[in-house]
Amino acid sequence: MLILKIFRRPEWDAFRAAGVTHGAPVDVADGFIHFSTPTQVGETAARHFAEESDLVLVAVSVEPLGADLKWEPSRGGALFPHLYRPLRLSDVVWDKSLPLGATGHIFPEGVL
């Protein structure tokens with residue numbers, strides 16, 4: 001199973017350069033890295049990145065994350081994946097641009 005993380009371009013660039021990240025400022029403040037499932041990511045983008053256009057969508061496989069990945073209730077009581085360790089570039093399965101279109105973000109085919 002793949003989980004998804006939305007990065008702002010500067011966050012993604014810094015992650016790629018360092019090879020590891022503790023996430024965005026909200027992740028650092030919360031003490032874990034927020035992820036979404038494919039069914040949750042559209043609402044995540046609309047709620048938290050509504051006006052942002054230079055985003056990167058990153059996919060990570062859950063299996064290698066082991067016990068560091070916890071499924072916890074969040075929006076509406078739904079379980080969201082939260083990573084309790086730094087994310088390594090080697091964890092990333094793929095990354096794709098997430099542009100903003102006239103009616104919202106344009107997700108890569110097959111993601112939603």
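The model is predicted, so local features need pLDDT of at least 70 and side-chain atom pairs count only at pLDDT 80 or more, while totals for chains, interfaces and linings use all residues. Residues are numbered from 1 along each chain as its sequence is written, and side-chain values use heavy atoms, with hydrogens and water left out.

**Fold and dimensions**

- The protein has three helices and ten strands, where helices (H or I, at least four residues) and strands (E, at least two) are DSSP runs numbered from the N terminus.
- Along the sequence their order is β-α-β-α-β-α-β-β-β-β-β-β-β.
- The radius of gyration is 13 Å, close to the 13 Å from the globule rule for 112 residues, so the protein is as compact as a globular protein of that length. This radius is taken over C-alpha atoms, and the rule is 2.2 Å times the number of residues to the power 0.38.
- Taken along the principal axes, the C-alpha atoms fill a box of roughly 40 × 35 × 30 Å.
- Of the contacts (heavy atoms within 4.5 Å) with a separation of 6 or more, 75% join residues 24 or more positions apart.

**Burial and surface**

- Buried residues, meaning those under 20% relative accessible area with a 1.4 Å probe and protein chains only, make up 41% of the 112 residues.
- The accessible surface (Shrake-Rupley method, 1.4 Å probe) is about 6000 Å², and carbon and sulfur atoms hold 56% of that surface.

**Nonpolar cores**

- A nonpolar core is a set of buried Ala, Val, Leu, Ile, Met, Phe, Trp, Tyr and Cys residues joined through side-chain atoms within 4.5 Å.
- The largest core has 15 residues, of which Ile3, Trp12, Phe35, Val58, Val60, Leu83 and Leu87 touch the most other members.
- Strand 1 (2-8), helix 1 (9-18) and strand 4 (55-61) each give two or more residues to this core, and strand 4 supplies the largest share, three residues.
- Beyond its neighbours within four places in sequence, Leu87 is in contact with Phe7, Phe15, Gly19, Val20, Thr21, Ile33, Phe35 and Val60.
- A second, separate core of eleven residues includes Phe49, Leu55, Leu98 and Val111.

**Asp91**

- Asp91 lies in the loop between strand 7 (87-88) and strand 8 (92-98).
- Asp91 is buried, with a relative accessible area of 10%.
- Apart from its neighbours within four places in sequence, Asp91 is in contact with Ala59, Val60, Ser61, Leu65, Arg85 and Pro86.
- Asp91 and Glu11 are 80 residues apart along the chain, and their C-alpha atoms are separated by 16 Å.

Notes:
Buried < 20%, exposed > 50% of the residue type's maximum accessible area, 1.4 Å probe, protein only.
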